[in-house]
Amino acid sequence: MAFDTIAAIATPTGTGGIGIIRISGPEALPITRRLARRLPLSPPSHHMLLVPLHSPQDGSYLDQALVVAMLQPHSYTGEDVVELHCHGGPVHLSSVLRAVLAAGARPAEPGEFTRRAFLNGRLDLLQAEAIEELIEARSERACQLARDHLEGHLSATVQEIREHLLEALTLVEASLDFSLEEHVYAVDRDALASALTRARQEIDAVLSTYDQGKRLTEGIRCAIAGRPNSGKSTLFNRLLQVERAITSPTPGTTRDYLDAQLLLDGQLYWLVDTAGIGDTQDSIEAEGIRRSRQILAGADLVFLVADSSRPWGSADRDLLEQIATVGVFVWNKVDLPSRSVPPPLPEHWCGPLCLSLIQPDSLAPLQAALIEATGKGGLLPSTESVAICRERHRDALQRASANLGQATISTSEGKGEELIACDLRLALEAIGELSGLVTPDEVLGRIFSRFCIGK
Amino acid sequence: MSEKRYNAIVIGGGHAGCEAAHALARLGISTCLMTMNLDTIAQMSCNPAIGGLAKSQLVREVDAMGGIIAQVADLAAIQYRRLNTSKGPAVWATRCQCDMAIYRQQMQRLLFGTPNLDLKQRQVASLIVRGSRVAGVTTTLGETFDADVVVITTGTFLGGLCHIGLNRFQAGRAGESASLELSQSLASLGLTLGRLKTGTTPRLDGRTIRWELTEEQPSDPDPRRLSHFHQAPLLPQRSCFITYTNEETHEVIRQNLAESPLFSGVIQGVGPRYCPSIEDKVFRFPDKDRHQVFLEPQGLDTPEVYPNGLSTSLPLRVQLAYLRSIPALQQVEITRPGYAVEYDFVPPTQLFPSLQVKTFEGLYLAGQINGTSGYEEAAAQGLMAGINAARWLEQRTPIVLRRDQAYIGVLIDDLVTRGTREPYRMFTSRAEFRLLLREDNADSRLSRIGFEIGLLPEHHYRQYCRKQEQIEALTELLRSRHITTTPENETLLASLALGGLSRCITLQELLSRPGSSLDKIASFFPEELSPDRWPPQVVEAVTTQAHYAGYIERQRRQAERLQQLEETPIPDRICYAQVAGLSREARDKLEYIRPQTLGQASRIAGITPAALTAVMIHLAKDRRTHSQALPPTGR
């Protein structure tokens with residue numbers, strides 16, 4: 001047999017009202033019948049039947065379960081699939097699964113149901129990847145991205161790009177293979193160059209969403225920076241709403257960075273509390289500062305915390321100027337006597353938030369500012385556009401873009417069509433890695449339907 | 001009792017059959033070519049030309065390996081044209097108009113002069129098979145001929161049915177009977193047959209054409225021959241002439257579409273999209289107000305003319321009416337009516353890449369029977385079928401050319417891997433390594449193979465080696481000579497429109513600049529680069545290499561990457577039902593095609609990268625179990 005039959009508990013571990021065991025493969029029905037003897041020989045597809053389950057080994061009663069058979073090819077995996085909707089509870093479900101395995105199934109490997117769905121052509125590669133994204137999504141926004149992919153938005157965009165490239169290739173190939181035909185016209189170089197440029201822009205538009213898409217799935221990296229003892233760790237704890245970092249009035253309390261996840265407005269953030277940046281003779285503290293600068297350089301967004309009770313000096317100004325990403329300026333300790341006014345902020349800054357971080361009511365303005373800065377920094381993809389979040393997609397699109405760039409140059413420099421075709425084909429091949437390959441027959445078919453060819 | 005025993009029998013004397021028979025005999029196999037009519041050996045049933053876009057590459061490849069189509073075409077050539085010269089050298093091609101009668105005569109002379117080869121006028125009725133091996137043939141006269149291998153190259157003759165209007169008659173070509181029994185014999189052996197259609201134009205009496213109303217297309221002044229090795233004496237050269245259909249022509253056709261067997265549904269075979277009949281063109285592209293017609297001479301001593309572009313199966317009176325709507329043809333007389341022919345073919349996915357039938361050892365098919373069209377495609381398959389039949393007899397591995405090695409490789413791989421639903425014609429767009437497969441380098445790709453298998457004569461191989469040496473010498477020279485940044489050089493470059501000099505460059509670099517040629521850069525080293533020192537083919541090869549330098553390198557690397565797949569064999573023992581993770585569709589296709597390598601598997605229509613991965617995983621497992629299963633050898 002090509003496939004054996006696999007089974008696994010499909011619902012998460014833990015107690016719950018219902019727990020599902022999924023069985024897939026050619027033996028799914030016979031195996032089920034060894035537990036559920038009252039199941040009809042050929043149960044209707046996609047119908048739930050209430051059937052008692054008994055152990056195939058000793059006949060002991062296991063559960064009263066809702067059994068649903070989904071017959072191939074109309075199932076998730078494309079094979080016969082049976083689901084046993086049992087009562088929840090990890091111990092109980094494990095014993096039912098053991099009974100299923102005793103009846104002839106093999107425990108499924110992680111992701112094996114989806115892999116089978118893909119191999120059986122039930123999902124394209126982009127969709128199979130989307131399911132993985134959906135399962136692994138850690139925030140509402142990441143879920144939404146995965147759903148977009150699953151629904152086929154990315155596939156559709158890629159398909160559209162492919163269509164445009166194919167159209168260009170058709171013209172180029174026709175001019176090579178049918179140049180002697182009266183009704184095949186020479187390639188209009190300007191039109192071709194602009195078609196190629198347009199296609200490249202479409203690819204680059206998708207490519208440019210990579211960083212944004214990645215932030216949806218992996219979170220926005222948010223660094224908390226400032227001079228020593230300005231209240232960074234207090235801000236960290238405030239946003240997390242737990243006393244995670246040690247705070248004290250002593251400057252240099254935080255010597256190494258500390259990070260934690262924060263879910264806000266359906267979006268995942270990685271908050272990183274860094275060591276205060278200042279002059280120091282202490283070598284450990286100096287190393288901490290070096291790390292702080294590193295984290296600042298890699299951050300998507302920065303909270304800059306300044307102590308309003310101390311004078312705003314050149315070191316503060318330097319730090320402010322070094323930060324190129326979107327930032328939130330926190331003018332802390334306004335409950336203390338103020339020694340200066342908040343500095344003027346560049347365009348890409350939110351704030352100043354004048355507040356006292358030790359006060360619980362500072363949470364709401366911080367959260368609002370974080371959401372505002374996320375929007376202002378363009379850190380997330382716009383809701384209208386598709387976004388990519390996988391290295392594999394970026395790599396293929398980058399190659400396609402580069403090849404297309406070469407084809408565009410060749411087109412405007414008057415190089416031979418055979419060279420343009422060469423690069424166009426490579427671009428199509430790269431796009432094809434996302435959505436399926438182009439065959440020569442496909443190109444010829446287009447030529448014949450478009451041009452009157454033949455002597 | 002058999003009449004006579006041969007090692008090999010070739011059935012059919014068309015362009016595939018001639019190559020196959022010649023190759024077999026040259027390789028030392030006692031061979032008999034059987035044809036229904038010895039006089040029509042190497043008949044050009046359709047247009048009187050050899051070569052053309054993507055096709056002259058095939059012709060040059062056959063020639064480079066030691067085949068005969070190019071040398072015979074050169075002997076019969078009455079016009080040469082180099083095509084596509086406004087494009088890059090990778091798609092340059094040569095077309096050669098031939099005197100059809102001389103072509104036949106020269107081919108017949110060549111074959112009659114080939115040792116080990118008998119030619120016999122017989123009609124084969126059936127194949128004799130023993131078990132799963134072919135054993136000979138019987139003829140319609142009741143004779144039996146024993147043979148170890150049989151190559152079938154029957155063109156359009158299997159179950160041939162010609163149509164002129166709604167009249168139809170069984171024939172393989174107008175005026176020649178079809179082969180009906182052999183078709184049945186093949187079907188009874190379990191081969192699946194399909195049905196294709198092709199068409200040809202009416203032939204015209206040139207004395208009734210008003211030539212002054214046409215445009216002349218003369219021969220190239222300094223023709224480039226098709227063969228690498230032969231310099232045939234040049235026959236007198238003839239022009240072709242161009243005229244056009246017009247609205248009236250189209251109206252006549254539209255009025256009479258009901259009498260076209262194509263449109264009335266009488267013809268069931270699938271015709272070629274790239275070679276539609278005139279009625280097809282008028283019907284499918286109503287916005288075109290004219291279609292080009294090439295008036296091609298059929299020979300030096302005949303007034304008959306082939307009006308290329310007017311293939312038709314309309315009734316004869318309609319053919320005459322639409323022809324006469326063209327001013328230059330107002331008084332024209334038809335010598336032979338145009339017709340469509342439907343014929344049986346053997347869908348070529350039933351063949352191994354050696355062109356041997358999968359289910360019968362020793363049985364090879366080549367040419368139109370495999371669903372192709374064109375003399376050149378036929379010759380290429382005939383050559384490979386002949387070579388591989390000979391090698392099979394000697395228990396050698398077949399020669400299977402790769403897709404990055406030859407158009408022949410592309411052709412045969414497409415046929416046996418993907419099959420075809422219409423008559424298959426070669427196009428350069430079918431070749432993913434187009435820049436490597438050029439007319440100018442067919443010999444450097446294939447002549448060594450041709451020589452090593454014993455087909456290419458030694459003196460031709462030496463000729464090839466000399467050319468290669470000269471190419472290397474010239475390349476070396478261009479690499480070692482520099483142009484320094486002197487004002488004189490700057491001026492000279494500017495006068496040649498070859499750009500400026502920012503640094504010292506080699507002649508090789510200069511040659512790769514757009515618009516550059518050896519002629520132009522010769523002014524820098526007039527002595528060493530003198531045209532007398534370097535033959536034109538050598539200059540062409542070196543210039544093309546320079547022109548494509550970076551791209552050729554890239555395609556070569558790409559080909560090398562794919563090579564790994566091509567070189568991973570799939571053992572015969574693989575049972576696809578046991579390959580985990582294959583969809584039913586993929587399983588069925590793999591089981592049907594039974595690809596020889598992973599590379600071939602990857603090109604089967606509908607085989608996804610996922611399916612390929614599943615096969616690869618299975619192969620790795622299979623290798624493990626089989627290496628474990630080997631008994632310990634003690635070594």
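**Stop 1: the domains of chain B**

Start with chain B, where the domain assignment gives domain 1 (203-341), domain 2 (472-556) and domain 3 (568-629). Keep in mind that this is a predicted model. Colour domain 1 and domain 2 of chain B. Their centres, taken over C-alpha atoms, are separated by 44 Å.

**Stop 2: Gln555 of chain B**

Now select Gln555(B). This residue sits in helix H16 (residues 536-566) of chain B. Is Gln555(B) buried or exposed? It has 21 C-beta neighbours inside 10 Å, so Gln555(B) counts as buried; the cut-off for that is 20 or more. Show its surroundings next. Leaving aside residues up to four places away in sequence, Gln555(B) touches Phe433(B), Leu435(B) and Leu436(B).

**Stop 3: a four-stranded sheet in chain B**

Select strands E11, E10, E19 and E12 of chain B. In that order they make an open sheet of four strands, with antiparallel pairing. Look at the edges. Strand E11 (167-170) and strand E12 (194-200) of chain B each have a single partner strand, so one side of each is left without a neighbour in the sheet. From one strand to the next, the twist averages 25°.

Zoom in on one pair. Strand E10 (residues 161-164) and strand E19 (residues 339-345) of chain B run antiparallel and share three bridges. Find His163(B), and you will see Ala340(B) of E19(B) opposite.

**Stop 4: a buried helix and the nonpolar core**

Move to helix H3 (residues 69-76) of chain B. How many of the eight residues of this helix are buried? Eight of the eight are, so helix H3 of chain B is largely enclosed by the rest of the structure. Among the buried residues of H3(B) are Gln71(B) and Asp74(B), along with Ile69(B), Val72(B) and Ala73(B).

Keep Ala73(B) selected. The largest nonpolar core has 207 residues, and Ala73(B) is one of those that touch the most other members. Ile9(B), Leu24(B), Cys98(B), Val150(B) and Val151(B) are also in that group. H14(A) gives the most to this core, with 11 residues.

Centre on Cys98(B). Not counting residues up to four places away in sequence, its contacts include Met44(B), Pro48(B), Ile50(B), Ala73(B) and Tyr103(B). A second, separate core has 35 residues, among them Ile6(A), Leu29(A), Leu97(A) and Phe118(A).

**Stop 5: where the chains meet**

Show both chains. Here 26 residues of chain A are in contact with 36 residues of chain B. On the side of chain A that touches chain B, the elements giving two or more residues are helix H3 (112-119), helix H6 (153-177), helix H14 (417-435) and helix H15 (440-450) of chain A. Colour that side by residue type: 14 are nonpolar, six polar and six charged.

**Stop 6: the domains of chain A**

Chain A is assigned domain 1 (6-119), domain 2 (153-209 + 387-450) and domain 3 (217-376). The C-alpha centres of domain 2 and domain 3 of chain A lie 47 Å apart.

**Stop 7: a six-stranded sheet in chain A**

Select strands E8, E9, E7, E10, E11 and E12 of chain A. They form an open sheet in that order, and the pairing is mixed. Strand E8 (258-264) and strand E12 (349-354) of chain A stand at the edges with a single partner strand each, so one side of each is left without a neighbour in the sheet. The average twist from one strand to the next is 20°.

Take strand E7 (residues 220-226) and strand E9 (residues 267-273) of chain A. They pair in the parallel sense over five bridges. Arg221(A) has Trp270(A) in E9(A) as its bridge partner.

Helix H9 (residues 232-240) of chain A lies across E7, E8, E9, E10 and E11 of chain A, at about 155° to E9(A). Helix H12 (residues 363-376) of chain A also packs on the sheet, and its direction makes about 170° with that of E12(A).

**Last stop: strand E11 of chain A**

Seven of the seven residues of E11(A) are buried, so this strand is largely enclosed by the rest of the structure. Which residues point which way from E11(A)? Val326(A), Val328(A), Val330(A) and Asn332(A) point one way, and Gly327(A), Phe329(A) and Trp331(A) the other. In a regular strand, side chains alternate between the two faces of the sheet. E11(A) pairs with E10(A) in the parallel sense over seven bridges. Finish at Trp331(A) in E11(A), with Ala306(A) opposite.

Technical notes. Residues are numbered from 1 along each chain as its sequence is written. Chains are lettered from A and ligands numbered from 1 in the order in which they are written. This is a predicted model: local features need pLDDT of at least 70, side-chain atom pairs count only at pLDDT 80 or more; totals for chains, interfaces and linings use all residues. Two strands pair if DSSP finds at least two bridges between them. Axes are lines fitted to C-alpha atoms, for helices over the stretch in contact, and angles run from 0 to 180 degrees between N-to-C directions. Two residues are in contact if their C-beta atoms, placed from the backbone, lie within 7 Å. Ala, Val, Leu, Ile, Met, Phe, Trp, Tyr, Cys and Pro count as nonpolar, Asp, Glu, Lys and Arg as charged, and the others, Gly among them, as polar. Domain bounds come from an automatic or database domain assignment. A nonpolar core is a set of buried Ala, Val, Leu, Ile, Met, Phe, Trp, Tyr and Cys residues joined through C-beta atoms within 7 Å. A residue is buried if 20 or more other C-beta atoms lie within 10 Å of its own, exposed if 12 or fewer, and partly exposed in between; C-beta atoms are placed from the backbone.
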